[in-house]
Amino acid sequence: KQAKNYGKELKKVRQAEGLTQADVAANYGMPRTNYVMIEKGQRKISFSLFLNILKSLDYDVEIKIVKKK
């Protein structure tokens, strides 16, 4: 489930930046086919890899901790 969420978030960033999957893959230094699998949720990735891909696009992640209602 997390892998799909990471992929969906990466896709949102990529589209917002007007980049292709090939652009993101080349920027990070991975094969395009691997990146496509990440976006589709077909390849599980660690949170660390998720962050590193975002950093390669000049993005960062903020985590907010809140009390349940």
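Predicted model: local features only at pLDDT ≥ 70, side-chain atom pairs only at ≥ 80, totals over all residues.
Does Asp-58 belong among the buried or the exposed, and what is its relative accessibility?

**Stop 1: the core.** Start by selecting Leu-10, Met-30, Tyr-35, Ile-38, Ile-45, Phe-50 and Ile-53. Within the largest nonpolar core, which has 14 residues, these touch the most other members. Now colour helices H1 (2-16), H2 (21-28), H3 (32-39) and H4 (47-56), the elements that each give two or more residues to this core. The biggest contribution comes from H4, with 4 residues.

**Stop 2: Tyr-35.** Next, centre on Tyr-35 and show its surroundings. Leaving aside residues up to four places away in sequence, Tyr-35 touches Leu-10, Lys-11, Arg-14, Gln-21, Val-24, Ala-25, Met-30 and Ile-53.

**Stop 3: Arg-14.** From that list, pick Arg-14, which sits in helix H1. Arg-14 counts as buried because its relative accessibility is 10%, and the cut-off for buried is under 20%. Show the side chains of Arg-14 and Glu-39: they make a polar contact at 2.6 Å. With residues up to four places away in sequence again left out, Arg-14 also touches Leu-19, Thr-20, Gln-21, Val-24 and Tyr-35, along with Glu-39 itself.

**Stop 4: Asp-58.** Finally, move to the segment after H4, where you will find Asp-58. Here is the answer to the opening question: Asp-58 counts as exposed, because its relative accessibility is 74% and exposed means over 50%. Check its backbone while you are there: phi of Asp-58 is near 65 degrees, a positive value in a residue other than glycine.

How values were computed: Residues numbered from 1 in each chain as written. Heavy atoms only, no water. Core = buried A, V, L, I, M, F, W, Y, C linked by side-chain atoms within 4.5 Å. Buried < 20%, exposed > 50% of the residue type's maximum accessible area, 1.4 Å probe, protein only. Contact = heavy atoms within 4.5 Å. Polar contact = N/O pair within 3.5 Å; in protein donor to acceptor, adjacent residues only side chain to side chain.
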